[in-house]
Amino acid sequence: PTTTLMVGLFVLLGVTLRIHDLGHSLWLDELHTAWVVDGPLSDVAPRARIGNHSPAFFYVEWGITRAFGLSELALRSLSVAASTAVMIVAAWAVWRWTASSLATIATSGLLAVDRLFIFYAQDARPYALLELVALLQLISLREVLQNAQRGWRVALVATSVALLYLHYTSALLLLAEAFY
């Protein structure tokens, strides 16, 4: 109960830090995101390619901006949600693997206040979502290596493919795992 309470408090702190000043003006790369999603769905992939990006993240952003409008808050909401999910999923994984309250609380606390992690959570770019999918992929890989249950293998394949569709440089993670 104490561990859950502390994790919850750190997640609340993390969300507070992530939503603070979320409506500030878009910067250069974020303006590219806004341009990619400001138009018909058929324009998303070619516009994403102009910025050397896979279109997967931008398709999700396109849907969000259709539902909530093309604003700073709408464009950054996916990153905030993904970053919040990382805090929760990472705490769960640490608890599952270690059963250590200290390690679980420390993980939550560090993720809540890490400056770069907060930056990516407030950025209308694919990086926070990439962090979430990479974490899910790493969890899946560990579980496959431990017990190789079919569900975890399916999750490993699905998250590996999703990584490649989110950002091409995620191939480096998959390459490192292959060497491992």
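Helices here are DSSP runs of H or I with at least four residues, numbered from the N terminus. By that assignment, Leu102 belongs to helix H6 of what is a predicted model. With a relative accessibility of 70%, Leu102 counts as exposed, and its C-alpha atom is separated by 28 Å from that of Gln122, which is 20 residues away along the chain.

**Helix pairs**

Two packed helices are described by the angle between their axes and the distance between those axes. The two pairs considered here are set out in the table.

| Helix pair | Axes come within | Crossing angle |
|---|---|---|
| H5 (residues 72-98) and H8 (residues 127-147) | 7 Å | roughly 25° |
| H1 (residues 2-19) and H6 | 8 Å | roughly 5° |

The axes of H1 and H6 cross at roughly 5°, and these two helices are therefore roughly parallel to each other. On the H1 side the contact is made by Thr3, Met6, Val7, Phe10, Leu13, Gly14, Leu17 and Arg18, and on the H6 side by Ser101, Thr104, Ile105, Ser108, Gly109, Leu111, Ala112 and Val113. Sorted by class, the contact of H1 with H6 has nine nonpolar, six polar and one charged residues.

For H5 and H8, the axes come within 7 Å and cross at roughly 25°, which makes H5 roughly parallel to H8, since angles under 35 degrees count as roughly parallel. The crossing in which H5 passes H8 is left-handed. From H5, the residues that take part are Leu78, Ser79, Ala82, Ser83, Ala85, Val86, Val89, Ala90, Trp92, Ala93, Arg96 and Trp97, and they meet Ala128, Leu129, Glu131, Leu132, Leu135, Leu136, Ile139, Arg142 and Glu143 of H8. By class, the contact of H5 with H8 has 15 nonpolar, two polar and four charged residues.

The length of H8 can be checked against its residue count: at 1.5 Å a residue, its 21 residues should span 30 Å, and the end C-alpha atoms are 30 Å apart, which agrees. Just after H8, Ala148 takes a positive phi of about 55°.

Leu73 is also placed in helix H5. Leaving aside residues up to four places away in sequence, Leu73 touches Leu22 and Gly23. Leu73 and Gly63 are ten residues apart in sequence, and their C-alpha atoms are 14 Å apart in space.

**Loops and backbone angles**

Most residues other than glycine have a negative phi. Asn52, although it is not a glycine, has a positive phi of about 60°, and it lies in the loop between helix H3 (44-50) and helix H4 (56-68). Its relative accessibility is 64%, so Asn52 counts as exposed.

Ala99, likewise not a glycine, has a positive phi of about 55° and is found in the loop between H5 and helix H6 (101-113). At 53% relative accessibility, Ala99 counts as exposed, because the cut-off for that class is over 50%.

Apart from residues up to four places away in sequence, Ser54 touches Ala48, Leu164, Tyr165, Leu166 and Tyr168.

Technical notes:
Residues are numbered from 1 along each chain as its sequence is written. This is a predicted model: local features need pLDDT of at least 70, side-chain atom pairs count only at pLDDT 80 or more; totals for chains, interfaces and linings use all residues. Side-chain values use heavy atoms; hydrogens and water are left out. Axes are lines fitted to C-alpha atoms, for helices over the stretch in contact, and angles run from 0 to 180 degrees between N-to-C directions. Angles under 35 degrees count as roughly parallel, over 145 as roughly antiparallel, 65 to 115 as roughly perpendicular and the rest as oblique. A crossing is left-handed if the near helix is turned anticlockwise from the far one by less than a right angle, and right-handed if clockwise. Contact means heavy atoms within 4.5 Å. Ala, Val, Leu, Ile, Met, Phe, Trp, Tyr, Cys and Pro count as nonpolar, Asp, Glu, Lys and Arg as charged, and the others, Gly among them, as polar. The expected span of a helix is 1.5 Å times one less than its number of residues. Buried means under 20% relative accessible area, exposed over 50%, partly exposed in between (1.4 Å probe, protein chains only).
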